[in-house]
Every structure is written in structure tokens, then in C-alpha cells.
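The following questions and answers consider one protein structure. The sequence and the coordinates are shown first.

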Amino acid sequence: MSPDKNLLSKLAAGDKHGEDSPYFDGWKAYDNNPFHLDHNPQGVIQMGLAENQLCSDLIKEWIKANPQASICTAEGIESFSDIAIFQDYHGLKQFRQAIATFMERARGGNVKFEAERVVLSGGATGANETLMFCLADPGDAFLVPTPYYAAFDRDLRWRTGVRIIPVECNSSNNFKVTKQALESTYLKAQETGIKIKGLILANPSNPLGTTLDRDTLETIVSFINDKQIHLVCDEIYAATVFAGARFISIAEIIQDMDHVNRDLIHIVYSLSKDMGLPGFRVGVVYSYNNDVVSSARRMSSFGLVSSQTQSFLAAMLSDQSFVDNFLVEVSKRVAKRHHMFTKGLEEIGISCLRSNAGLFVLMDLRKMLKDQSFESEMALWQVIIHKVKINVSPGSSFHCSEPGWFRVCFANMDEDTLQIGLQRIKDFVLGDGDNKNNICNRNKEKENKKRKSFQKNLKLSFSSMIYEEHVRSPSLISPHSPLLLA
């Protein structure tokens with residue numbers, strides 16, 4: 001019997017969770033057939049998960065050297081009774097201080113954070129939702145530059161009733177948010193009677209993997225200050241900046257600007273990305289607004305971080321020698337993995353948006369679409385998931401304004417798996433076993449026949465990638481690509 005939805009609340013029976021998205025569908029495809037180097041080498045490789053597994057060895061080494069940090073070891077058992085008992089929703093004082101100090105060091109020591117403004121939450125998901133509850137009523141809206149993190153649609157909207165108004169950005173300036181775009185979107189929202197309560201930024205950006213420069217940040221602060229609306233900065237990738245200019249936190253911007261209403265400024269942080277500890281569910285709301293701090297702290301009782309986790313991490317994050325070394329290593333290792341992956345893509349003619357942060361790249365497959373439509377993007381994505389067997393996330397799931405961009409994560413796997421993923425992409429684009437001379441000398445009529453058959457079945461066009469009679473570009477697709485054989 002099918003369940004009677006009338007027995008449920010509107011929230012439970014509704015479909016506004018946000019999981020009806022290719023972003024989550026790709027995860028389901030992976031869950032149904034997960035790749036394993038030994039047990040399932042033909043499975044789907046998970047390249048849709050932005051997770052940092054590159055420095056877990058450093059954490060394991062620290063744990064071995066500091067067994068007393070855990071209350072579940074013989075060395076730390078003396079603290080068990082103090083930690084296992086009830087803790088109020090303020091969190092352990094030593095942990096909040098350790099978090100504040102870590103946030104400072106992750107931002108190069110260029111800004112100070114007060115432990116009393118640190119509010120703990122169940123991951124960045126809980127932190128973002130808590131801020132929405134504090135800052136807006138159902139029906140109110142927040143501006144969010146595109147492309148933006150796919151799960152914002154769930155995290156920010158589902159239970160709060162808050163609306164998201166996309167601020168359209170495009171590739172002509174590397175998706176940089178401009179004052180003109182902000183002003184235009186704000187004005188249109190006002191004209192339709194929508195109450196704008198604030199602006200949400202992810203800096204560094206997910207899915208772009210880019211950081212905002214000082215001028216842009218100052219422009220944004222001036223914009224929200226003029227409108228007297230809130231600014232929420234999600235800075236969960238602050239320590240995974242590996243190239244270009246150093247990361248600049250919004251906290252650094254407002255300390256250098258005059259006449260800024262700090263009550264409008266709020267930061268979300270987490271240990272999930274920079275430390276690679278998403279399973280620990282440690283999220284942070286840091287607000288310059290006393291009322292928001294007070295309200296968010298009361299709300300945190302619905303998503304507390306366990307006292308055992310707080311105690312353990314307080315010890316780890318208070319070890320300044322470990323933290324300093326970890327921050328250097330995470331940047332170095334992410335940079336190496338980023339270079340390895342993007343270099344592999346370049347060799348087969350695939351470019352990516354130039355990035356300097358995060359655990360992913362935005363891969364440009366616009367030339368592989370039949371036409372510049374999101375229908376073509378979805379058709380191509382279906383092939384990548386089910387034929388190539390790699391879970392990547394299409395740009396449309398991030399509300400990208402242009403079809404053909406795909407977010408690919410590179411730090412959630414070992415190097416062997418990454419190389420297999422690259423080889424699958426190479427076979428997908430170039431085909432396996434072809435060489436330059438064989439391809440260049442192929443009968444053009446045969447190429448066209450195969451191309452037309454491929455277009456009919458998959459409704460994708462690679463006309464811009466067909467080999468010229470005497471020229472071969474690495475961006476072109478081989479007649480023996482698995483796509484053409486599909």
C-alpha cells in the first residue's frame with residue numbers, strides 16, 4: 001500500500017528538499033555501483049564528492065602520538081566523566097577557543113576571531129540553515145551569485161521557507177560577481193515585491209574553485225551596507241587555497257573599511273573541507289551581531305557537536321606545531337593533485353576554469369554539446385555517468401548560466417583511482433588505441449557515418465570535434481571513442 005501523505009506534515013510530504021537534482025542523482029548512480037580498485041573495477045568512480053582525503057595520514061600520526069586526546073583510550077580515560085556528562089549548547093570553552101585560533105591561522109593570521117562569537121553547529125549545513133532562521137522569515141529572499149553550491153537549495157530553503165534569488169554571472173569574466181549584476185537583480189526583486197534580506201557568498205567558491213579579490217569583496221560590503229541587508233560568507237575552503245593571491249576573509253575586509261555596519265556580517269566555517277573531517281559534523285556560525293550570536297546559540301541545541309568530538313579536536317587544534325605543518329601540507333598536496341588532474345585533462349584537449357582553491361575544477365565540455373542548451377548538457381551527463389562511469393556534476397545543478405560546464409572533484413580518492421578516472425575520460429574523448437596517423441588517414445565518409453549514427457542515438461553532436469583531413473587536435477573525438485560505439 002502506498003502511504004497516505006495526508007497523514008504527514010506538508011514539509012514531510014512535500015518535494016522541496018532539493019534532492020530532485022542531477023547533483024544528487026549522480027550520487028545515487030555511484031551508490032548503486034561504487035568503484036573499487038579490487039572488488040569492482042568497472043564501477044562508477046565518485047568524482048562528485050568534494051572531500052579532502054589527502055592529509056588523513058597526518059591526522060592519524062597525530063592520534064598515535066597523542067592517545068590521551070581521546071576519552072576512549074586508556075591514556076585519556078581520566079577525563080571520561082568530565083566530558084561524557086551533559087554539556088550546554090555553548091560548547092566546551094577550550095574547543096571554541098581552539099576553533100577561533102584555528103580560523104585565524106587558516107586565514108594567515110591577518111584577522112582575529114573571538115571565541116565568544118563562535119557558535120557550534122552540526123556541520124556547515126546546520127550553520128547555514130541556522131543563520132537563515134536567524135535572519136529571515138518564510139518568503140524572504142537572499143541573493144546568491146551563480147553558479148552556487150547545489151545543496152544550498154536544500155540547506156537554505158527547505159525548512160526555513162527562505163527564497164533564493166540567483167545573481168547571474170557568466171564565463172566572460174570567469175563568473176566574477178559585479179556590482180551591476182547585484183544592483184540589477186536586487187532592483188528586479190524589489191519590483192516584484194520580494195523582500196531581500198541578504199546576500200550569500202561562498203569564498204572560496206564552490207563550484208568555481210576561485211577566490212574573491214579585495215576590490216570585489218569591498219564592492220560587495222559597500223553594496224550590502226548601502227542596502228542594509230545581511231552578508232553571509234561561507235568560508236569553508238579558506239585553507240585549501242593553493243595558488244595565486246592569498247585568501248582574503250570578509251573579516252579582514254571589514255576591519256579595514258570605515259562606516260560598515262558589522263551587525264550585517266556573518267561567517268560560516270567548518271572542519272569538513274580544510275581538515276578533511278566531514279564525518280565529525282563540526283560547523284561554525286561566527287557573527288558580528290550579538291543578537292544573532294545569542295539566537296544561533298539557542299538554536300544550536302538542535303544540532304550539537306558531541307562533547308567527545310569537541311574534547312578531541314580541542315587538543316588537536318591547540319597543538320600549534322601540528323596545525324602549522326598541516327596547513328602548509330594541505331595547500332601543497334591539494335596543489336599537486338590539482339596540477340596532476342588538470343595536466344591530464346590538458347593532454348587530451350579539455351580545459352578547465354582557471355582556479356586556485358577548493359577540491360574540484362570546473363571542466364569545460366561546451367564543445368561536446370549538440371547545441372548550447374541544458375538539454376544537451378543533460379544528455380552528455382547521462383553518457384558520462386552510465387557509459388564512462390564517472391560521477392561528475394553538471395553545471396545546471398549549480399544553476400550555472402551556461403550549459404557545458406561540469407564540476408569534477410579530485411581530492412576524495414587515492415592517486416591510482418584518479419589515474420583510472422583520467423584514463424576513462426581520455427578513452428571517452430580520444431578513444432583507446434588510436435594514433436595520430438591512423439586517425440588522420442581515416443576515410444572521411446566513414447567518420448561522418450559514425451558521427452550521424454551517434455547523433456541519432458544520443459542526440460549529441462561532436463561536429464566541432466571531427467578530425468580534419470590532415471590536422472589532429474587533442475580536443476577532437478576519435479571515431480573509436482566509447483561514445484561513438486555506444
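Q: Which helices each supply at least two residues of the lining of the largest cavity?
A: The model is predicted, so local features need pLDDT of at least 70 and side-chain atom pairs count only at pLDDT 80 or more, while totals for chains, interfaces and linings use all residues. Residues are numbered from 1 along each chain as its sequence is written, and side-chain values use heavy atoms, with hydrogens and water left out. Helices (H or I, at least four residues) and strands (E, at least two) are DSSP runs numbered from the N terminus. At least two lining residues come from each of helix H14 (374-388) and helix H15 (415-430).

Q: What is the volume of the largest cavity?
A: A cavity is a set of points, on a 1 Å grid over the protein atoms alone, where a 1.4 Å probe fits but cannot get out; its lining residues have an atom within 4 Å of a point. Grid points are joined across faces, edges and corners, and a volume is the space filled by probe spheres set on the points. The structure holds two cavities of 30 Å³ or more. The largest has a volume of about 60 Å³.

Q: How many nonpolar residues does the lining of the largest cavity have?
A: The lining consists of Ile350, Met363, Leu365, Ile384, Val388, Ile390, Val392, Ile425 and Phe428. Ala, Val, Leu, Ile, Met, Phe, Trp, Tyr, Cys and Pro count as nonpolar, Asp, Glu, Lys and Arg as charged, and the others, Gly among them, as polar. With no polar and no charged residues, the number of nonpolar residues in this lining is nine.

Q: Is Tyr237 buried or exposed?
A: Tyr237 is in the loop between strand S6 (230-234) and H10. Leaving aside neighbours within four places in sequence, Tyr237 is in contact (heavy atoms within 4.5 Å) with Ala50, Pro204, Asn206, Lys273, Asp274, Gly358, Leu359 and Phe360. Buried means under 20% relative accessible area, exposed over 50% and partly exposed in between (1.4 Å probe, protein chains only). At a relative accessible area of 2%, Tyr237 is buried.

Q: What is the omega of the peptide bond from Asn203 to Pro204?
A: Pro204 is found in the loop between strand S5 (196-202) and helix H9 (214-227). The C-alpha atom of Asn203 is separated by 7.3 Å from that of Tyr237, 34 residues apart along the chain. The peptide bond from Asn203 to Pro204 is cis, with omega near 0 degrees.

Q: What is the relative accessible area of His259?
A: His259 is placed in the loop between helix H10 (250-255) and strand S7 (265-270). Its phi is near 60 degrees, a positive value in a residue other than glycine. His259 is exposed, and its relative accessible area is 75%.

Notes:
1 Å grid on protein atoms, 1.4 Å probe; cavity = no way out; pocket = protein on both sides within 12 Å on 5 of 7 lines; lining within 4 Å.
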